Amino acid sequence: MRLTLNIWRQRDAASAGSMQKYELDDVSEDMSFLEMLDVLNEQLNEKGEEPVAFDSDCREGICGTCGLMINGQAHGPEVTTTCQLHMRSFKDGDDITIEPWRSDVFPVLRDLVVDRGAFDRIIQAGGYISANTGSAPDAHAAPVEKKKADRAFDVATCIGCGACVAACPNGSAALFTGAKITALGELPQGQPERYDRVVNMVGQHDAEGFGGCTNIGECTAACPKEIPLDVISQLNKDLRTALKQGR
Ligand code: SF4
Ligand code: FES
């Protein structure tokens, strides 16, 4: 395939960025999207030009490090992570626009790399679990209702990629925060701090500057782990209970 790439280039957080055009020949449909960018960077290196900075780690869809706006969609046209998107989703002659996540709370550090530290601070605000679960075999011996265990596991698959924020017209991180609150709130070990946790995490969410949720649903549509929208209902329910308790 021959492709035209329009890529956001920005030297550092303080510089103004702009879109730059690159032509790429001979792209295989079996390449992942990031491998395609690797090929571009090899060519830029050979020409003595600055390679395009982008984030990746596992390249297996499990770490949440990668994330790009591809033709205006978070992680591109498939429901998957950018690293698991393959070039077979595009066709010969395509123009592809590649931008960093769109969110003021995730400032651009360089080119396509953003700072998602706000997610870490939300997690940190949630504090720790004080229940002593003993060693791993002891924890496994604690009975957990199957429905709750499945629900906790499903929502714990959130990889913190940030696509939900990038896709949300309000720039809300309610899906991410709701997933973390629900995962811990379903399990017996998560009960002692449950209601303080929701107040602190939502407080940090708002303090970071994320927007409020108005139930648009773009977040869940863009989520590569298909985290359901009802984690936000759970977040609101827990928050209401916590506020009624005077927390
Ligand atoms: S909820 Fe989905 S889109 Fe949002 S951070 Fe988690 S995995 Fe990524
Ligand atoms: S690089 Fe780990 S999820 Fe994409």
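Here is a short chat about this predicted model.

Me: How many helices and strands are in the chain?
Reply: The chain has 9 helices and 7 strands.

Me: And what size of box do the C-alpha atoms fill?
Reply: Along the principal axes, that box is roughly 60 × 40 × 30 Å.

Me: What share of the residues is buried?
Reply: Of the chain's 247 residues, 36% count as buried.

Me: Which residues touch the most other members in the largest nonpolar core?
Reply: That core has 56 residues, and the ones touching the most other members are Ala163, Cys164, Val165, Ala167, Leu175 and Ala179. Helix H6, residues 174-185, gives the most to this core, with 7 residues.

Me: Where does the core lie relative to the domains?
Reply: It lies between domain 1 (3-113) and domain 2 (116-244), because both of them give residues to it.

Me: Back to Val165. What is it in contact with, leaving aside neighbours within four places in sequence?
Reply: Val165 is in contact with Trp101, Ser103, Phe106, Gly171, Ser172, Ala173 and Phe210.

Me: New topic: which residues are closest to ligand 1?
Reply: Cys158, Cys161, Ala163, Cys164 and Cys223 are the closest of the 14 residues that surround ligand 1.

Me: Which helices supply at least two residues of that shell?
Reply: Helix H5 (163-167) and H6 each do. H6 gives the most to the shell around ligand 1, with 3 residues.

Me: How do the shell residues around ligand 1 divide into nonpolar, polar and charged?
Reply: There are 11 nonpolar, 2 polar and 1 charged in the shell around ligand 1.

Note on methods. Residues are numbered from 1 along each chain as its sequence is written. Chains are lettered from A and ligands numbered from 1 in the order in which they are written. This is a predicted model: local features need pLDDT of at least 70, side-chain atom pairs count only at pLDDT 80 or more; totals for chains, interfaces and linings use all residues. Helices (H or I, at least four residues) and strands (E, at least two) are DSSP runs, numbered from the N terminus. A residue is buried if 20 or more other C-beta atoms lie within 10 Å of its own, exposed if 12 or fewer, and partly exposed in between; C-beta atoms are placed from the backbone. A nonpolar core is a set of buried Ala, Val, Leu, Ile, Met, Phe, Trp, Tyr and Cys residues joined through C-beta atoms within 7 Å. Domain bounds come from an automatic or database domain assignment. Two residues are in contact if their C-beta atoms, placed from the backbone, lie within 7 Å. A residue is near a molecule or strand if its C-beta atom, placed from the backbone, lies within 6 Å of it. Ala, Val, Leu, Ile, Met, Phe, Trp, Tyr, Cys and Pro count as nonpolar, Asp, Glu, Lys and Arg as charged, and the others, Gly among them, as polar.
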